[in-house]
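The sequence and coordinates come first.

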Amino acid sequence: MEEKIYRAHVLIVPYPTQGHLNPNFQFAKRLASTGIKSTFALTNFVFKSIKPSQPSDPSLQFDTISDGYDDGGFSEAESMEAYLQKMEETGSKTIAELIVKYRNSANPIGCIVYDSFMYWVLDVAKDFGLVAASFFTQMCAVNFLYYLAHHGMLKLPISSTPVTVPGLPLMEAQDLPSFISVKGQYPAYYKMVLYQFSNSDKADFILVNSFYKLESEVVDSMSKFCPLLTIGPTIPSFYLDKRNQDDTDYDLDLFTFDKSTSLNWLNSKPERSVVFVSFGSLVCLSDKQIEELAWGLKKSTFHFLWVTRDSKETNKLPHGFVDEIGDKGLIVNWGPQLEVLSNKALGCFLTHAGWNSTIEGLSLAVPMVVMPQWTDQPTDAKFVEDIWKVGIRVRVSEDGIVGREEIERCIREVMEGERREEMKENAKKWRELAIEAVSEGGTSDKNIDEFISKFIN
């Protein structure tokens with residue numbers, strides 16, 4: 001059968017963790033919906049782990065590359081440094097092989113969209129004369145801080161605060177990304193986030209998973225330094241503009257779970273009575289912090305749905321805690337976050353303030369309690385509390401732990417405090433603006449059209 005000829009062919013290369021797969025794949029769906037052939041490149045290990053089915057849209061397909069650790073992925077590497085080095089070496093070679101593979105087909109690759117953490121993919125794209133776009137999965141404010149730090153316009157280590165950056169609010173040390181505020185923290189990750197901008201001046205576009213009205217002043221400031229386009233929020237269409245009613249999930253889960261358990265329990269609870277607690281796919285809380293969180297949730301007296309992610313975290317729960325809470329709380333290893341956040345029983349989202357979770361909470365109008373841990377999360381939390389005013393940030397004690405009384409206080413403030421209605425109204429406003437951004441003719445929609453026009457033959 002003769003192969004269909006598409007408007008163009010884009011190769012999307014995500015960094016292989018859950019928080020990066022989701023927004024990249026949603027962007028691939030958006031491109032496919034415009035008649036662009038989109039090939040989504042999973043590492044061999046991730047492909048074998050997920051075993052994804054072919055998408056219903058024939059213009060969207062999967063292919064594979066290697067990160068050099070085909071049997072175990074990151075867990076097979078001896079260190080983060082080793083993983084990143086091997087990924088660059090092997091990934092560059094196998095991405096080049098993919099480009100050659102499609103060169104003589106009816107739809108040769110004309111553009112590569114690559115995760116900004118994999119900055120070296122740009123060099124591969126330019127070796128083949130392709131249009132290249134770096135996809136940033138974190139908020140503009142964080143990206144701008146990294147940009148300035150990389151280019152020496154924000155001197156590190158930070159010697160005094162507040163830090164003044166055009167387009168951003170005054171930033172105290174606790175508001176800065178941890179790689180900037182804490183000298184020497186996680187050196188491999190530090191290098192990775194700053195090197196996102198090592199060759200970005202050669203990229204045709206910088207794409208960011210945000211929307212203009214959410215960070216207008218930051219976008220305007222950062223756009224003076226690089227060709228920035230906001231193309232988010234990259235949330236399944238069903239939850240925003242509803243142009244594609246079948247787009248109800250991210251579709252690529254590295255974690256296995258039974259979503260009916262969470263949803264059946266939620267559906268049995270009164271409207272706005274449940275606190276959803278989730279710290280994403282990477283954060284690992286200490287034994288002490290899990291204990292304080294557990295008792296804080298119980299003391300709040302509200303229903304709660306808590307994602308502990310794996311048996312290691314579940315085993316950190318206080319002895320007898322599960323029996324004590326009864327039906328007041330439900331503890332699961334993973335959950336359908338979008339379906340939970342959009343459920344009428346949800347009243348509050350207690351989150352680490354990772355960007356995916358933050359923008360989901362904003363897009364689904366859920367007030368938040370934010371408890372940032374590392375990397376971009378402190379900056380996200382700053383905006384949640386002080387700029388968007390849709391939640392409150394916990395206070396951390398001198399020993400680095402958020403105590404049970406503080407957790408209870410914050411939950412009560414969001415669920416029944418004086419600012420509850422204000423936060424709810426602000427959350428609704430940001431949801432409306434998120435829908436506006438991705439709707440036909442919205443800013444993000446127009447930016448995607450501008451991006452596509454660059455490589456349409």
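Aspartate 445 sits in helix α18, which spans residues 443-453; helices (H or I, at least four residues) and strands (E, at least two) are DSSP runs, numbered from the N terminus. This is a predicted model, in which local features need pLDDT of at least 70, side-chain atom pairs count only at pLDDT 80 or more, and totals for chains, interfaces and linings use all residues. Residues are numbered from 1 along each chain as its sequence is written, and side-chain values use heavy atoms, with hydrogens and water left out.

**Surroundings of aspartate 445**

Aspartate 445 counts as buried because its relative accessibility is 10%; buried means under 20% relative accessible area, exposed over 50%, and partly exposed in between (1.4 Å probe, protein chains only). The side chains of aspartate 445 and arginine 30 are joined by a polar contact of 3.2 Å. A polar contact is a pair of N or O atoms within 3.5 Å; within protein, one must be able to donate a hydrogen and the other to accept it, and residues adjacent in sequence count only if both atoms are side-chain atoms. Not counting residues up to four places away in sequence, aspartate 445 touches Arg30, Arg243, Ala437, Val438, Ser439 and Glu440, where contact means heavy atoms within 4.5 Å.

**The chain as a whole**

The protein chain contains 18 helices and 13 strands. Along the principal axes, the C-alpha atoms fill a box of roughly 65 × 55 × 45 Å.

Of the 457 residues, 59% count as buried. The chain exposes about 18900 Å², of which carbon and sulfur atoms supply 49%; accessible areas come from the Shrake-Rupley method with a 1.4 Å probe, and for residues only the protein chains shown count as cover. Among contacts with a separation of 6 or more, 69% are between residues 24 or more positions apart.

**Two helices**

The table sets out two helices; the expected span is 1.5 Å times one less than the number of residues.

| Helix | Residues | Length | Span, first to last C-alpha | Expected span |
|---|---|---|---|---|
| α1 | 18-33 | 16 residues | 23 Å | 22 Å |
| α3 | 80-103 | 24 residues | 34 Å | 34 Å |

Helix α1 is mostly covered, with 14 of its 16 residues buried. Just after α1, glycine 35 has a positive phi of about 95°. Helix α3 bends by about 25° at glycine 91, the bend being the angle between axes fitted to the seven residues ending there and the seven starting there.

**A strand residue and a loop residue**

Valine 113 belongs to strand β4, residues 111-115. With a relative accessible area of 0%, valine 113 is buried. Between valine 113 and phenylalanine 205, 92 residues apart along the chain, the C-alpha separation is 9.2 Å.Valine 182 lies in the loop between α6 and α7 (187-194). Its relative accessibility is 37%, so valine 182 counts as partly exposed. Valine 182 and leucine 293 are 111 residues apart in sequence and 25 Å apart in space, C-alpha to C-alpha.

**Backbone geometry**

Most residues other than glycine have a negative phi, and most peptide bonds are trans. Where does the chain carry a cis peptide bond with omega near 0°? The bond runs from leucine 156 to proline 157, and proline 157 is placed in the loop between α5 (140-150) and α6 (178-181). The bond from threonine 161 to proline 162 is also cis, with omega near 5°. Proline 162 is in the loop between α5 and α6.

Threonine 301 has a positive phi, near 75°, and is found in the loop between α10 (287-300) and β9 (303-307). Threonine 301 counts as partly exposed because its relative accessibility is 43%. Lysine 389 also has a positive phi, about 55°, although it is not a glycine. Lysine 389 lies in the loop between α15 (377-387) and β13 (391-393); at 38% relative accessibility, lysine 389 counts as partly exposed.
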